[in-house]
Amino acid sequence: MTPPHGPTGTAMVGLSSTEAAAALARDGPNTLPAPRRRPAVWRFARQFLHFFAIMLWVAAGLALVAGIPQLAAAIAAVIALNGTFAFVQEHRADRAAERLSAFMPAKVTVRRDGRRTTVDAGVIVKNDVLLLESGDWIPADSIAQPRADLRVDTSLLTGESEATTVEAGGALYAGTFVVEGEGEALVVATGGDTRLAGIARLSVNIAGTAGPLARELRRVVRTISAVAIGVGIAFYVVEAALGIPTVDRLVFGIGVTVALIPEALLPTVTLALAWGAEQMAHRRALVRHLEAVETLGSTTFICTDKTGTLTLNQMTVVEAWTPNGRATVDAPGYSPKAPIVYSGGDAADSVARLARAGALCGTGYVFESDEAWRPHGDPMEAALDAFAHRVAAGWEGNQVARPPMARFPFDPRRRRMSVVVEGMVLVKGASDSVLPLCGDDPSATAAVTEFTERGLRVLAVAGRPAGSRLPATAAEAENELELYGLVALEDPPRPDVRASILACRRAGIKIAMITGDHPATAAAIAFEVGLRNPNDLVLTGAELPPGDDELGALIDRDGVVIARVSPEDKLRIARALRLRDHVVAMTGDGVNDGPALREADIGIAMGASGTDVAREAADLVLLDDHFATIVAGVEQGRATFLNIRRFLTYHLTDNVAEVAPFIVWALSGGRFPLALGVLQILAIDIATDTFSAVALGAEPPGRRTLDRPPVRGRLLNQTVARRAFGLLGPTIAVFTLIAFVASFLSAGWRPGQAFPGGDVLTAASGAAFMTVVIAQGANALACRSSTTTPGALGWATNPLLLGAVGLDLLIGLATLYIPPVADALGHSTPPLIGWIVAFTAAGAVLLADRIDKRRRARHRTR
């Protein structure tokens, strides 16, 4: 193979087309490897194999064995409905690693066959020679070659907000961006061997973590399933001892299974999360994975990025010092209308000269878009251009400024750069490198100290007439300078961040700043926004202990700042905090944040300033990038968790009422007729209960939702169990059986006689059915709160629930008065006494609820 370089000091020749084709065939294209994903068929099938579904499959099988194929078909239809609904809601491909390819440029300039040529980025191979200039994306990991002088934006990989200088021998990484300079680079790694691909592998290898809601739902499913199996086995044994026929025992087993399993629970949870997601969308937060709605409400620790999250990601000159006075930008950021406050008699003219000179030293600029400025090139140079627009009359911007006659780029050893333009030598750089060239000025030194103590970045700008002879070297240009002044820059904090951080702390949530930026800058911003106090811990990634236990113990505190972190560090931080039983939310906007967003319980990406990679890896995307939106999301998430508890109580109450007739039937040896059949129970669970349960999931947040610690504990806690199984459920069950017996009595039946069948039995069953439906309407109102009565909450404060209760009642009536449906369910219109008992049951539920809540209130005040 021909060497990709010429003699020392000459331009690199590059590969020949033949050599490049051979390397491409050997190493493969310069693309990121696509992650393996489970096929959609497997994900669809999985929806039919969870605990509830398996138990219902067993019940369907028992129905077939018992010779009731229509019941088996109905149960199978319920399973299919639930499974399909869950698949449609959850079928969102996680393509974070695939979307990393968005950072591979489509075209790139190389030297092949000794000529400059443009090729697809996908055909770049090792030993290709890249020809880079300002504005180019870097397509592969490379080494800068002699005479290369580049400033590269690596923020998407490292989180570092300031462009990095790369000289000959320096490393360049795929996915980064040249903001200034030009040069050649030798490709050393492509495709799957690049650092960008390493981050992709981190994203792929990190399985999505099960959130608090998923874990709690699994626990609820297992508990209810165990109860159903236990009750079924116990009564099967009792019935066998009583000599009840096998078919009857199978019917009982099916009935208990269907009655105790809340078939609509999981779809209702999904709908409640979808409702919460819609409410969060109104607050400018896009939920990518529905469970994130509740997980955010359970969050106990937020690991937040700095740039673009706590700050505006708009590098800005916030203050300027000159020997004749100062200027302060009153509203930092990219707004063209930011006012300037001057102090000093000649401050305006000297600040204008300073701003113009600083802008001419660079090539970055801002341009107007949608009544705001947008940066182009190096963010710091764009900030200087924006400052010149604000203070220098007639300044038209760097994009139209006269190009310099000579340019001596930034050198990390000199720590300054200079240009010869408009008859002047202008110099810009670090204050400690420029001030010694301008003579001794104690006031300038004092200003530098003041700015740096405030965490601001300080640049000094100086100049002199160029004279008739063009300087040939930087040393010739940078001497006998006049100090024009100092500019202090920062990426300003978002205006609402301080209040949002205080709200998080009121809600019992710890906050840490995790950033790739300099520790001094990070600490200053953290202090400015109220995240840390002066003595709070500031660490760098290199100082983190190697063990997860030690790391967790060190950083499990409020207000900690961790700077200069790598993607691997962020992963370890999230893992260490989760090992300490925290529910971790991780914010981020760069490529480097993708793996950590997946490792956290909930990943939060910035929608306006973030990258596609971060957005695809995240569970939640803040469309407006406002940290305050996280607080709104926490409030909605907490409300959603409480809402799930509410309709879990509602569903379980229903199950108690539904299983009671089967228990009475079994204990009577089959002599007492079944008040409710299996198809009636399915109709209640799937049809008449669903709308009220969904409306409970839309209960709005309470006024003090954020004034207490995060919602933790079990979904099926002691309060839910006591109210469902010990109070509301038994109340409805008793009145259901009363309505059933009263209907027989009204038809002339008396105790001791055989129960009549035919129309009398179907009417009595209809009375029992409507008692459950009407009482569940009252139960829905009672379940709005476990402590406050519906009247105290306000009957109309959840209008969706009132409409849902009415709709459920109409559906129940339809099942009675539409003959084919009534015949299929095995019931008919109840007698008058049945209606009286049914509506009395609703009043009894509300009365029992009121007594219980008053008793608990008196107990709490003791």
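Student: In which helix does Val837 lie?

Tutor: Val837 is part of helix α31 in this predicted model.

Student: Is Val837 buried or exposed?

Tutor: The quantity to read is relative accessible area, and a residue counts as buried when its value is under 20%. Val837 has a relative accessibility of 9%, so Val837 is buried.

Student: Which residues does Val837 touch, apart from those up to four places away in sequence?

Tutor: With those neighbours set aside, Val837 touches Phe735, Ile738, Ala739 and Ala742. Val837 and Ala767 are separated by 70 residues in sequence, while their C-alpha atoms are 8.3 Å apart.

Student: Where is Ala848, and which residues is it in contact with beyond its neighbours within four places in sequence?

Tutor: Ala848 also has its place in helix α31. Ala848 counts as buried because its relative accessibility is 14%. Beyond its neighbours within four places in sequence, Ala848 is in contact with Leu727 and Thr731.

Student: Which parts does the salt bridge between Glu599 and Arg578 tie together?

Tutor: In this salt bridge, the closest N and O atoms of Glu599 and Arg578 are 3.5 Å apart. Glu599 is in helix α21 (residues 594-599) and Arg578 is in helix α20 (residues 567-579), so the pair ties together parts that are 21 residues apart in sequence. Glu599 is buried, at 8% relative accessibility, whereas Arg578 is partly exposed, at 24%.

Student: Why do the buried residues of helix α17 lie on the same side?

Tutor: In helix α17 (residues 497-506), the buried residues are Val497, Ser500, Ile501, Ala503 and Cys504. They lie on the same side of α17 because they cover an arc of only 160 degrees around the axis. On the other side of α17, Ala499 and Arg506 are exposed. The buried residues of α17 pack against β10 (301-304), β21 (510-514) and α23 (627-667). After α17 comes Gly508, with a positive phi near 80 degrees.

Student: How far does helix α10 reach from its first C-alpha to its last?

Tutor: Helix α10 (residues 265-282) has 18 residues and reaches 26 Å, close to the 26 Å expected at 1.5 Å a residue. Its buried residues include Leu265, Val269, Leu273 and Met280. Arg284 follows α10 and has a positive phi, near 70 degrees.

Student: Which residues make a nonpolar surface patch?

Tutor: Leu49, Ile54 and Val58 make a nonpolar surface patch of about 280 Å². Leu49 is in the loop between α2 (40-46) and α3 (51-65), and Leu49 is exposed, with a relative accessible area of 58%.

Student: What values describe the protein chain?

Tutor: The protein chain has 31 helices and 26 strands, and buried residues make up 56% of its 862 residues. Among contacts with a separation of 6 or more, 72% are between residues 24 or more positions apart. The accessible surface comes to about 34700 Å², of which 58% belongs to carbon and sulfur atoms.

Technical notes
Residues numbered from 1 in each chain as written. Predicted model: local features only at pLDDT ≥ 70, side-chain atom pairs only at ≥ 80, totals over all residues. Heavy atoms only, no water. Patch = residues over 30% accessible without salt bridge, like charges linked within 9 Å, V, L, I, M, F, W, Y side chains within 5 Å. Areas by Shrake-Rupley, 256 points an atom, 1.4 Å probe, with all protein chains shown as cover. Salt bridge = Lys/Arg side-chain N within 4 Å of Asp/Glu carboxyl O. Helix = DSSP H or I, 4+ residues; strand = E, 2+ residues; numbered from the N terminus. Buried < 20%, exposed > 50% of the residue type's maximum accessible area, 1.4 Å probe, protein only. Arc of directions from axis to C-beta. Contact = heavy atoms within 4.5 Å. Expected span 1.5 Å × (residues − 1).
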